Amino acid sequence: MRDVYTVEERYRSDPVFHAIVEHLYALLIRADMTPSQVREALFLATMKVEETRVRVTKNSSPHVQEFFDTYARRVCTDP
């Protein structure tokens with residue numbers, strides 16, 4: 001089992017995590033994105049990963065497909 005890091009420890013010891021934090025920080029400082037937009041972008045990225053890992057099949061609940069369809073419409077049409 002791997003060691004459990006605090007966020008600060010991971011920031012100091014994991015170069016990829018450090019680079020991600022620094023990139024997001026730069027976006028926020030330059031006011032290119034708001035904290036809310038960063039959270040939304042992160043949420044969308046995780047949803048895209050989940051969609052590729054777990055494809056909705058025709059045997060899935062119609063509610064699951066409806067959720068993905070509604071979410072995709074909202075994300076694609078919101079300014």
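Author: Let's start with a word we'll need: a residue is exposed over 50% relative accessible area, buried under 20%, and partly exposed in between (1.4 Å probe, protein chains only). This is a predicted model, where local features need pLDDT of at least 70 and side-chain atom pairs count only at 80 or more, while totals for chains, interfaces and linings use all residues. Numbering runs from 1 along each chain as its sequence is written, and side-chain values use heavy atoms, without hydrogens or water.

Who lines it, with an atom within 4 Å of a point? Look for Ile 20, Leu 24, Leu 27, Met 33, Val 38, Ala 41, Leu 42 and Ala 45. By class, that lining has 8 nonpolar residues, with no polar and no charged ones; Ala, Val, Leu, Ile, Met, Phe, Trp, Tyr, Cys and Pro count as nonpolar, Asp, Glu, Lys and Arg as charged, and the others as polar.

Two helices (DSSP runs of H or I, at least four residues, numbered from the N terminus) each supply at least two of the lining residues: α2, spanning 15–29, and α3, spanning 35–53. The biggest share comes from α3, with 4 residues. On the other helix, have a look at Leu 24, which sits in α2. Leu 24 counts as partly exposed because its relative accessibility is 31%.

Now follow the chain into the loop between α2 and α3, where you'll find Ala 31. Its phi is near 65°, a positive value in a residue other than glycine. With a relative accessible area of 62%, Ala 31 is exposed.

Arg 30 and Asp 32 meet through their side chains in a salt bridge, 2.7 Å from N to O (the rule asks for a Lys or Arg side-chain nitrogen within 4 Å of an Asp or Glu carboxyl oxygen). Arg 30 counts as exposed because its relative accessibility is 53%, whereas Asp 32, at 44%, counts as partly exposed.

How many salt bridges does that rule give? The count comes to 2. Asp 14 also forms one, with Arg 10, their closest N and O atoms being 3.3 Å apart. Arg 10 is partly exposed, at 32%.

Key: 1 Å grid on protein atoms, 1.4 Å probe; cavity = no way out; pocket = protein on both sides within 12 Å on 5 of 7 lines; lining within 4 Å.
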